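Please have a look at the fold first, and then read on.

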Amino acid sequence: MLQLHSLLPRLLSPYCSVSHRYSRPMSAVSLQLSPDRCLFDAPLRLRASGLSPGQDVTLQTALTDEGGEIFSSLARYRAGSSGELDLTRSPALEGGSFTGKEPEGPLWAMEPRKPLRRLIKKNVQTPFQLRFSLHQAHGEPGTLLASAAQERSFMGEGVTRVPVREGRVRGSLFLPPGTGPFPGVIEIQGTGGGLIEYKSSLLASKGFATLALAYYNYEDLPKEMKDLRLEYFEEAVTYMLQHPQVKGPGIGLLGHSKGGDLVLSMSSFLKGITASAVVNGSVANVATALHYKDITLHPIAIDIKKLKHPKPGVADIREVLHNPLEEAHQKSLIPIGKADCKFLFVVGEDDRNWKSDFHAETACKLLEEQGKEKPELVYYAKAGHYIEPPYFPLCPASMHRLVGMPVVWGGEPNFHARAQADSWQKIQDFFHKHLNHQRILVNKL
């Protein structure tokens, strides 16, 4: 694999100050991006013209996140007989961040300059600025031939963000353009805490009124994730069902990781839920006790002896959770058989956080044992834990807030990228089908 980090200062310096959409041509070569402003999950369409037939070139892609970290990728190409390069038709050659015909490869193959960093969008009201530069030759990139920039945003044209401080509920409601009402979705993230909005804002751009729900370490919510109460999440459901721009009679839920088991608990105990999508979730309650009225789901116990260290300072925690079907651990098992909604389970088969395949299959069996309709279950080979919207780069390892050290998340970049693109569309289709509304797409900014 090409050592990207050692090349960054040389590659970035010629164009790091570019603030306009396209740079002044430095030669007869030009880069064309279509469009120059789009949503983050839009396909990448990049072409170069003015090259010599068969000319070898290197494409550099980079962005700087809100913490100042640079994510970048390199791809090597050979121009066609007409001197043009079209990423939808031209395969990337050996020696770069990816190979083969991968039009979006420059995006999903980006890696951070520093290890153990995950790309997260904190402020969805500002776009990411993508920078592209085309260099002569392979190997040590040569003369800068052309550069271009693209804005990738998280809020489509007309989407509004409404801070939510209703009763105890804290979060942000994203509303599509128009008067509505729109099908409603509550989106719940994992154990990182705070308020993360990029999935909710993108879903609103597809026609859903989406509540990004915080549940700890945000504003006046508890600072630590401890002894959660389902009544808080019930209040969020009530807020959505009573909102004049949310279409009933029920809403959808979307949860990833810890957010996934919270979605299963909400679906099992609460009313007003029509469709629930779970991405790499657990059928057992995880990390802290969950209370609802006089019922308590205990956190599933862990076996620290099953902790592995694939490399110094980094843990593999896939095997540490006990089996919630065993009698000693059934007090953590979510009674999903009580749920009356539709389910979609998205599973990364290389999830190293826990056995997502086991948990999804167990949930399906428990539902079928109660005579419920068989859920939709989608497996993705060689996909890891953080299955995000399309073109987010794979995070192979990062700090785990609860474990207190870095852990591996699994996945191989190209397979993981395909899983993200496919599952993101399946999630939308699932909600469109079961929340029963006229499909509205917002594709422009």
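What follows is a short briefing on the overall build, the sheets and a few backbone details.

This is a predicted model, in which local features need pLDDT of at least 70 and side-chain atom pairs count only at pLDDT 80 or more, while totals for chains, interfaces and linings use all residues. Residues are numbered from 1 along each chain as its sequence is written, and side-chain values use heavy atoms, with hydrogens and water left out.

**Overall build**

- The chain holds seven helices and 24 strands; these are DSSP runs numbered from the N terminus, with helices being H or I of at least four residues and strands E of at least two.
- Along its principal axes, the C-alpha trace spans about 70 × 55 × 40 Å.
- Of the 445 residues, 57% are buried; buried means under 20% relative accessible area, exposed over 50%, and partly exposed in between, with a 1.4 Å probe and protein chains only.
- Taking contacts between residues at least 6 apart in sequence, 70% join residues at least 24 apart, where contact means heavy atoms within 4.5 Å.

**Surface and charge**

**Strand pairing**

- An open sheet of six strands has the order β2-β9-β8-β4-β5-β7, with mixed pairing; two strands pair if DSSP finds at least two bridges between them.
- β2 (37-39) and β7 (111-112) stand at the edges with a single partner strand each, so one side of each has no neighbour in the sheet.
- Within this sheet, β4 (residues 56-64) and β8 (residues 128-136) are antiparallel and share six bridges; Leu59 has Leu134 in β8 as its bridge partner.
- β1 and β3 (residues 46-49) run antiparallel and are joined by four bridges, with Ser30 bridged to Ser49 in β3.
- β3 also pairs with β6 (residues 85-86) in the antiparallel sense over two bridges, and Arg47 has Asp86 in β6 as its bridge partner.

**Backbone details**

- Most residues other than glycine have a negative phi, and most peptide bonds are trans.
- The peptide bond from Ser34 to Pro35 is cis, with omega near -5°; Pro35 sits in the loop between β1 (30-33) and β2.
- Gly180 and Pro181 are also joined by a cis peptide bond, with omega about 5°, and Pro181 is in the loop between β11 (169-175) and β12 (182-188).
- Glu219, which is not a glycine, has a positive phi of about 50°; Glu219 lies in the loop between β13 (209-213) and β14 (228-229) and counts as partly exposed at 34% relative accessibility.
- Ser257 has a positive phi near 60° and is found in the loop between β15 (246-256) and α5 (258-269); at 9% relative accessibility, Ser257 counts as buried.
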